[in-house]
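Me: I have a model open and would like to go through some of the labels put on it. Could you tell me what stands behind each one?

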Amino acid sequence: MKRKLRIFFILVLLSLAVFIWQRVFATSRDSLLEVNFLNVGQGDSILIEMPYQNQVLIDGGPGSDVVEKIAKEMPFFDRKIEMVILTHPDRDHISGLFSILDTYKVDKVLLPNIRYFDSEKRKVLYETFKRKVREQGGKIIFGKRGQRISFSENSRFLILWPIDNLKIKKNNDYSIVSLFSFGNMDFLFTGDISKRIEPQLFPGNLELKKIEVVKIAHHGSRYSTSEFFIKRVSPETAIISVGENNYGHPAREVLDNLRKYGIKTFRTDENGKIKIISDGNFYEVIPER
Ligand SMILES: [Zn+2]
(Lines give C-alpha, C1' and ligand atoms only; values in the text may rest on other atoms or scores of the structure.)
Protein backbone atom coordinates (compact mmCIF):
# COMPACT_ATOMS: atom_id res chain seq x y z
CA MET A 1 0.00 0.00 0.00
CA LYS A 2 2.76 2.41 1.04
CA ARG A 3 4.58 1.63 -2.20
CA LYS A 4 1.48 2.37 -4.28
CA LEU A 5 1.04 5.68 -2.48
CA ARG A 6 4.63 6.61 -3.20
CA ILE A 7 4.21 5.82 -6.91
CA PHE A 8 1.04 7.87 -6.92
CA PHE A 9 2.82 10.91 -5.47
CA ILE A 10 5.70 10.56 -7.90
CA LEU A 11 3.23 10.53 -10.79
CA VAL A 12 1.47 13.61 -9.45
CA LEU A 13 4.79 15.44 -9.10
CA LEU A 14 5.85 14.40 -12.58
CA SER A 15 2.68 15.64 -14.24
CA LEU A 16 2.92 18.86 -12.26
CA ALA A 17 6.47 19.37 -13.57
CA VAL A 18 5.34 18.71 -17.15
CA PHE A 19 2.48 21.16 -16.70
CA ILE A 20 4.76 23.89 -15.31
CA TRP A 21 7.32 23.49 -18.08
CA GLN A 22 4.56 23.65 -20.66
CA ARG A 23 3.40 26.95 -19.16
CA VAL A 24 6.96 28.32 -19.07
CA PHE A 25 7.44 27.34 -22.69
CA ALA A 26 4.10 28.83 -23.75
CA THR A 27 4.82 32.09 -21.90
CA SER A 28 8.30 32.51 -23.37
CA ARG A 29 6.88 31.84 -26.83
CA ASP A 30 4.19 34.38 -26.08
CA SER A 31 6.68 37.22 -26.07
CA LEU A 32 8.21 36.33 -29.44
CA LEU A 33 7.21 37.23 -32.95
CA GLU A 34 7.09 34.62 -35.69
CA VAL A 35 6.84 35.52 -39.35
CA ASN A 36 6.34 32.56 -41.68
CA PHE A 37 6.88 32.92 -45.39
CA LEU A 38 4.90 29.83 -46.36
CA ASN A 39 5.96 27.71 -49.29
CA VAL A 40 2.84 27.92 -51.45
CA GLY A 41 4.58 27.49 -54.81
CA GLN A 42 4.26 30.37 -57.26
CA GLY A 43 2.42 32.92 -55.09
CA ASP A 44 2.56 34.71 -51.74
CA SER A 45 1.34 33.76 -48.30
CA ILE A 46 2.84 35.14 -45.11
CA LEU A 47 1.60 34.36 -41.62
CA ILE A 48 2.58 36.81 -38.88
CA GLU A 49 2.08 35.56 -35.35
CA MET A 50 2.41 38.22 -32.72
CA PRO A 51 2.44 37.49 -29.00
CA TYR A 52 -0.89 36.46 -27.46
CA GLN A 53 -2.20 34.70 -30.54
CA ASN A 54 -2.65 37.75 -32.71
CA GLN A 55 -2.34 36.55 -36.29
CA VAL A 56 -2.18 38.47 -39.52
CA LEU A 57 -2.18 36.64 -42.83
CA ILE A 58 -0.88 38.46 -45.90
CA ASP A 59 -2.29 36.76 -49.03
CA GLY A 60 -3.26 33.09 -49.36
CA GLY A 61 -1.29 31.74 -52.30
CA PRO A 62 -2.79 30.04 -55.36
CA GLY A 63 -4.62 27.13 -53.71
CA SER A 64 -6.34 25.66 -50.67
CA ASP A 65 -3.19 23.96 -49.31
CA VAL A 66 -2.49 27.17 -47.37
CA VAL A 67 -5.03 25.98 -44.79
CA GLU A 68 -2.93 22.92 -43.94
CA LYS A 69 0.24 25.01 -43.80
CA ILE A 70 -1.31 27.51 -41.44
CA ALA A 71 -2.75 24.79 -39.20
CA LYS A 72 0.84 23.66 -38.52
CA GLU A 73 1.77 27.12 -37.23
CA MET A 74 -1.32 28.18 -35.28
CA PRO A 75 -2.30 26.77 -31.87
CA PHE A 76 -4.95 24.09 -32.52
CA PHE A 77 -7.51 25.84 -30.28
CA ASP A 78 -7.16 29.20 -32.06
CA ARG A 79 -9.80 29.41 -34.80
CA LYS A 80 -9.49 33.11 -35.42
CA ILE A 81 -7.23 35.20 -37.65
CA GLU A 82 -7.29 38.80 -36.47
CA MET A 83 -6.56 40.35 -39.84
CA VAL A 84 -6.14 39.23 -43.44
CA ILE A 85 -4.38 41.51 -45.90
CA LEU A 86 -5.19 40.90 -49.54
CA THR A 87 -2.45 42.80 -51.38
CA HIS A 88 -4.28 42.59 -54.74
CA PRO A 89 -6.78 40.25 -56.41
CA ASP A 90 -4.42 38.12 -58.47
CA ARG A 91 -5.03 34.37 -58.40
CA ASP A 92 -1.65 33.55 -56.80
CA HIS A 93 -2.52 35.83 -53.86
CA ILE A 94 -6.30 35.62 -53.45
CA SER A 95 -7.30 32.02 -54.24
CA GLY A 96 -6.17 30.44 -50.97
CA LEU A 97 -7.95 33.14 -48.99
CA PHE A 98 -11.36 31.71 -49.97
CA SER A 99 -10.43 28.47 -48.15
CA ILE A 100 -9.16 30.53 -45.21
CA LEU A 101 -12.56 32.23 -44.91
CA ASP A 102 -14.19 28.77 -44.90
CA THR A 103 -11.91 27.54 -42.11
CA TYR A 104 -11.19 30.46 -39.80
CA LYS A 105 -13.09 33.37 -38.37
CA VAL A 106 -11.51 36.48 -39.87
CA ASP A 107 -12.10 39.72 -37.94
CA LYS A 108 -11.03 42.20 -40.56
CA VAL A 109 -9.74 42.26 -44.10
CA LEU A 110 -7.51 44.99 -45.42
CA LEU A 111 -7.48 45.36 -49.20
CA PRO A 112 -6.93 48.04 -51.85
CA ASN A 113 -9.92 49.95 -53.17
CA ILE A 114 -9.83 49.07 -56.86
CA ARG A 115 -12.17 50.65 -59.38
CA TYR A 116 -10.29 49.93 -62.59
CA PHE A 117 -9.37 46.40 -63.54
CA ASP A 118 -6.97 44.99 -66.08
CA SER A 119 -8.96 41.78 -66.42
CA GLU A 120 -12.56 40.73 -65.96
CA LYS A 121 -11.37 37.65 -64.05
CA ARG A 122 -9.64 39.75 -61.42
CA LYS A 123 -12.70 41.94 -61.03
CA VAL A 124 -14.91 38.89 -60.42
CA LEU A 125 -12.44 37.42 -57.90
CA TYR A 126 -12.22 40.76 -56.08
CA GLU A 127 -15.98 41.33 -55.89
CA THR A 128 -16.72 37.71 -54.90
CA PHE A 129 -14.09 37.85 -52.17
CA LYS A 130 -15.47 41.08 -50.70
CA ARG A 131 -18.98 39.63 -50.71
CA LYS A 132 -17.81 36.48 -48.93
CA VAL A 133 -15.96 38.48 -46.25
CA ARG A 134 -19.09 40.54 -45.56
CA GLU A 135 -21.37 37.47 -45.51
CA GLN A 136 -19.18 35.96 -42.83
CA GLY A 137 -19.29 39.07 -40.68
CA GLY A 138 -15.75 40.28 -41.40
CA LYS A 139 -15.01 43.99 -41.57
CA ILE A 140 -13.57 45.35 -44.80
CA ILE A 141 -11.01 48.14 -44.58
CA PHE A 142 -9.66 49.81 -47.69
CA GLY A 143 -5.95 50.23 -47.16
CA LYS A 144 -4.33 53.53 -48.05
CA ARG A 145 -1.13 55.39 -47.36
CA GLY A 146 -0.73 56.71 -43.84
CA GLN A 147 -3.09 54.23 -42.13
CA ARG A 148 -1.80 52.71 -38.92
CA ILE A 149 -3.12 49.48 -37.48
CA SER A 150 -1.88 48.56 -34.02
CA PHE A 151 -2.05 45.20 -32.33
CA SER A 152 -0.19 46.18 -29.20
CA GLU A 153 2.11 48.90 -28.00
CA ASN A 154 5.07 47.46 -29.89
CA SER A 155 3.47 45.80 -32.93
CA ARG A 156 1.87 47.81 -35.67
CA PHE A 157 1.37 48.20 -39.42
CA LEU A 158 1.90 51.37 -41.39
CA ILE A 159 0.38 51.33 -44.86
CA LEU A 160 2.59 52.92 -47.53
CA TRP A 161 0.59 52.13 -50.65
CA PRO A 162 -1.81 52.61 -52.46
CA ILE A 163 -2.60 56.30 -52.30
CA ASP A 164 -6.21 57.41 -52.29
CA ASN A 165 -8.05 57.57 -55.64
CA LEU A 166 -5.41 55.78 -57.63
CA LYS A 167 -6.43 55.89 -61.28
CA ILE A 168 -4.30 53.29 -62.99
CA LYS A 169 -5.32 50.08 -64.67
CA LYS A 170 -2.52 47.74 -63.72
CA ASN A 171 -3.83 45.82 -60.72
CA ASN A 172 -0.37 44.76 -59.49
CA ASP A 173 0.36 48.44 -58.87
CA TYR A 174 -2.57 48.68 -56.41
CA SER A 175 -0.78 46.19 -54.13
CA ILE A 176 -0.97 47.01 -50.45
CA VAL A 177 2.55 47.81 -49.32
CA SER A 178 2.91 47.69 -45.56
CA LEU A 179 5.64 48.29 -43.05
CA PHE A 180 5.23 46.05 -40.03
CA SER A 181 7.12 46.98 -36.88
CA PHE A 182 7.68 44.78 -33.86
CA GLY A 183 9.84 46.56 -31.31
CA ASN A 184 12.94 47.58 -33.24
CA MET A 185 12.31 45.09 -36.06
CA ASP A 186 10.86 46.32 -39.34
CA PHE A 187 9.46 44.20 -42.15
CA LEU A 188 8.47 45.60 -45.53
CA PHE A 189 5.82 43.69 -47.51
CA THR A 190 5.51 44.76 -51.11
CA GLY A 191 2.91 42.58 -52.85
CA ASP A 192 3.49 42.67 -56.61
CA ILE A 193 4.23 46.38 -57.14
CA SER A 194 6.39 47.31 -60.12
CA LYS A 195 9.43 49.59 -60.48
CA ARG A 196 7.10 52.40 -61.50
CA ILE A 197 5.63 52.61 -58.00
CA GLU A 198 8.84 52.14 -56.01
CA PRO A 199 9.99 55.81 -56.09
CA GLN A 200 6.54 56.86 -54.83
CA LEU A 201 6.50 54.55 -51.81
CA PHE A 202 8.42 56.76 -49.44
CA PRO A 203 7.16 60.34 -49.35
CA GLY A 204 9.60 62.95 -48.07
CA ASN A 205 7.94 63.24 -44.67
CA LEU A 206 8.36 59.53 -43.98
CA GLU A 207 11.32 58.89 -41.78
CA LEU A 208 12.45 55.42 -42.70
CA LYS A 209 13.98 53.40 -39.91
CA LYS A 210 16.36 50.59 -40.61
CA ILE A 211 14.44 47.81 -42.35
CA GLU A 212 15.60 44.33 -41.40
CA VAL A 213 13.51 42.18 -43.73
CA VAL A 214 11.90 42.89 -47.09
CA LYS A 215 9.56 40.63 -49.05
CA ILE A 216 10.78 41.14 -52.59
CA ALA A 217 7.99 42.31 -54.91
CA HIS A 218 6.35 40.16 -57.57
CA HIS A 219 8.25 36.90 -56.93
CA GLY A 220 11.54 38.50 -57.99
CA SER A 221 10.28 39.77 -61.35
CA ARG A 222 12.71 41.91 -63.32
CA TYR A 223 10.01 44.59 -63.58
CA SER A 224 10.27 45.19 -59.83
CA THR A 225 13.03 45.78 -57.25
CA SER A 226 15.03 48.52 -58.95
CA GLU A 227 18.51 49.31 -57.76
CA PHE A 228 17.06 52.57 -56.45
CA PHE A 229 14.64 50.61 -54.28
CA ILE A 230 17.36 48.31 -52.92
CA LYS A 231 19.55 51.28 -52.02
CA ARG A 232 16.66 53.24 -50.48
CA VAL A 233 15.35 50.37 -48.36
CA SER A 234 18.72 48.77 -47.76
CA PRO A 235 17.43 45.67 -45.95
CA GLU A 236 19.58 43.05 -44.23
CA THR A 237 17.49 40.13 -45.39
CA ALA A 238 15.36 39.59 -48.50
CA ILE A 239 12.73 36.91 -48.99
CA ILE A 240 11.53 35.83 -52.41
CA SER A 241 8.28 33.87 -52.48
CA VAL A 242 8.39 31.93 -55.72
CA GLY A 243 7.64 28.52 -57.25
CA GLU A 244 7.82 26.85 -60.62
CA ASN A 245 6.83 29.40 -63.29
CA ASN A 246 7.22 30.45 -66.93
CA TYR A 247 7.86 34.14 -66.20
CA GLY A 248 11.54 33.82 -65.34
CA HIS A 249 10.95 34.59 -61.65
CA PRO A 250 13.18 35.32 -59.88
CA ALA A 251 15.14 37.36 -62.41
CA ARG A 252 18.91 37.10 -62.62
CA GLU A 253 19.36 40.88 -62.38
CA VAL A 254 17.32 41.09 -59.16
CA LEU A 255 19.36 38.30 -57.57
CA ASP A 256 22.60 39.94 -58.74
CA ASN A 257 21.59 43.32 -57.34
CA LEU A 258 20.71 41.81 -53.97
CA ARG A 259 24.08 40.10 -53.89
CA LYS A 260 25.86 43.31 -54.96
CA TYR A 261 24.51 45.11 -51.89
CA GLY A 262 25.28 42.21 -49.55
CA ILE A 263 21.66 41.39 -48.78
CA LYS A 264 21.09 37.89 -47.44
CA THR A 265 18.50 36.31 -49.71
CA PHE A 266 16.19 33.37 -49.10
CA ARG A 267 13.69 31.90 -51.57
CA THR A 268 10.78 29.59 -50.88
CA ASP A 269 11.44 27.41 -53.95
CA GLU A 270 14.89 26.52 -52.61
CA ASN A 271 14.54 26.99 -48.85
CA GLY A 272 10.92 25.85 -48.39
CA LYS A 273 9.07 27.65 -45.61
CA ILE A 274 11.14 30.49 -44.18
CA LYS A 275 10.51 31.26 -40.53
CA ILE A 276 11.77 34.37 -38.81
CA ILE A 277 11.68 34.55 -35.02
CA SER A 278 12.33 37.77 -33.13
CA ASP A 279 12.14 39.26 -29.68
CA GLY A 280 11.89 42.77 -31.13
CA ASN A 281 15.65 43.40 -31.10
CA PHE A 282 17.32 40.33 -32.57
CA TYR A 283 16.06 37.89 -35.13
CA GLU A 284 16.85 34.53 -36.53
CA VAL A 285 15.99 33.24 -39.99
CA ILE A 286 15.11 29.54 -39.96
CA PRO A 287 14.72 28.08 -43.46
CA GLU A 288 13.04 24.69 -43.71
CA ARG A 289 15.88 23.44 -45.90
ZN1 LIG B 1 1.91 37.46 -57.59
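Reply: Gladly, and let us begin with the overall layout: 42 Å separates the C-alpha centres of domain 1 and domain 2. Domain 1 covers 1-30 and domain 2 covers 32-287. Please keep in mind that this is a predicted model.

Me: Why is L14 called exposed?

Reply: L14 has 10 C-beta neighbours inside 10 Å, and a residue is exposed if that count is 12 or fewer. L14 therefore counts as exposed. This leucine is found in helix α1, residues 2-30.

Me: What makes β2 a covered strand?

Reply: Five of the five residues of β2 (residues 46-50) are buried. This holds on both faces: I46, I48 and M50 lie on one side, L47 and E49 on the other, and all are buried.

Me: How do you know that β2 pairs with β1 and with β3?

Reply: Two strands pair if there are at least two bridges between them. β1 (residues 33-37) and β2 have four bridges, in the antiparallel sense, and β2 and β3 (residues 54-58) have five, also antiparallel. Both pairs therefore meet the cut-off of at least two bridges. To find them on screen, look for F37 opposite I46 and for M50 with its bridge partner N54 in β3. Three residues lie between the strands in the hairpin of β2 and β3, where Y52 takes a positive phi near 60°.

Me: What makes the length of α3 close to the expected one?

Reply: Helix α3 (residues 91-103) has 13 residues and reaches 19 Å from its first C-alpha to its last, while 18 Å is expected at 1.5 Å a residue. Its buried residues are D92, H93, I94, S95, G96, L97 and I100. They pack against β3, α2 (66-73), β4 (80-85), β5 (105-111) and α4 (120-135).

Me: Why are β7 and β13 said to stand at the edges of their sheet?

Reply: The sheet is open and has seven strands in the order β7-β8-β9-β10-β11-β12-β13, with mixed pairing. β7 (148-152) and β13 (264-267) each have a single partner strand, so one side of each is left without a neighbour in the sheet. On average, neighbouring strands of this sheet are turned by 20° against each other, direction ignored.

Me: How do you know that β9 and β10 pair?

Reply: Five bridges join β9 (residues 177-182) to β10 (residues 185-189), and the two run antiparallel. At least two bridges are needed for a pair, so β9 and β10 qualify. One place to look is S178, whose bridge partner in β10 is F189.

Me: Which residues touch the most other members of the largest nonpolar core?

Reply: Among its 65 residues, these are I46, V84, I85, L86, I100 and I239. Leaving aside neighbours within four places in sequence, I239 is in contact with F37, V213, K215, I216, F266 and I274.

Me: What makes the phi values of N165 and T225 worth a remark?

Reply: Phi of N165 is near 55°, a positive value in a residue other than glycine. T225 likewise is not a glycine and has a positive phi of about 55°. N165 lies in the loop between β8 and β9, while T225 is in the loop between β11 (213-215) and α5 (227-233).

Me: And why is N165 called exposed, but T225 buried?

Reply: N165 has 8 other C-beta atoms within 10 Å, and 12 or fewer means exposed, so N165 is exposed. T225 has 29 C-beta neighbours inside 10 Å. The cut-off for a buried residue is 20 or more, so T225 counts as buried.

Me: Lastly, where are cis peptide bonds found, and what are their omega values?

Reply: A cis bond joins W161 and P162, with omega about 5°. P162 lies in the loop between β8 (155-161) and β9. Another cis bond joins H249 and P250, where omega is about -5°. P250 is in the loop between β12 (237-240) and α6 (252-260).

Methods:
Residues numbered from 1 in each chain as written. Predicted model: local features only at pLDDT ≥ 70, side-chain atom pairs only at ≥ 80, totals over all residues. Expected span 1.5 Å × (residues − 1). Contact = placed C-beta atoms within 7 Å. Domains from an automatic or database assignment. Axes fitted to C-alpha atoms, helices over the stretch in contact; angles between N-to-C directions. Core = buried A, V, L, I, M, F, W, Y, C linked by C-beta atoms within 7 Å.
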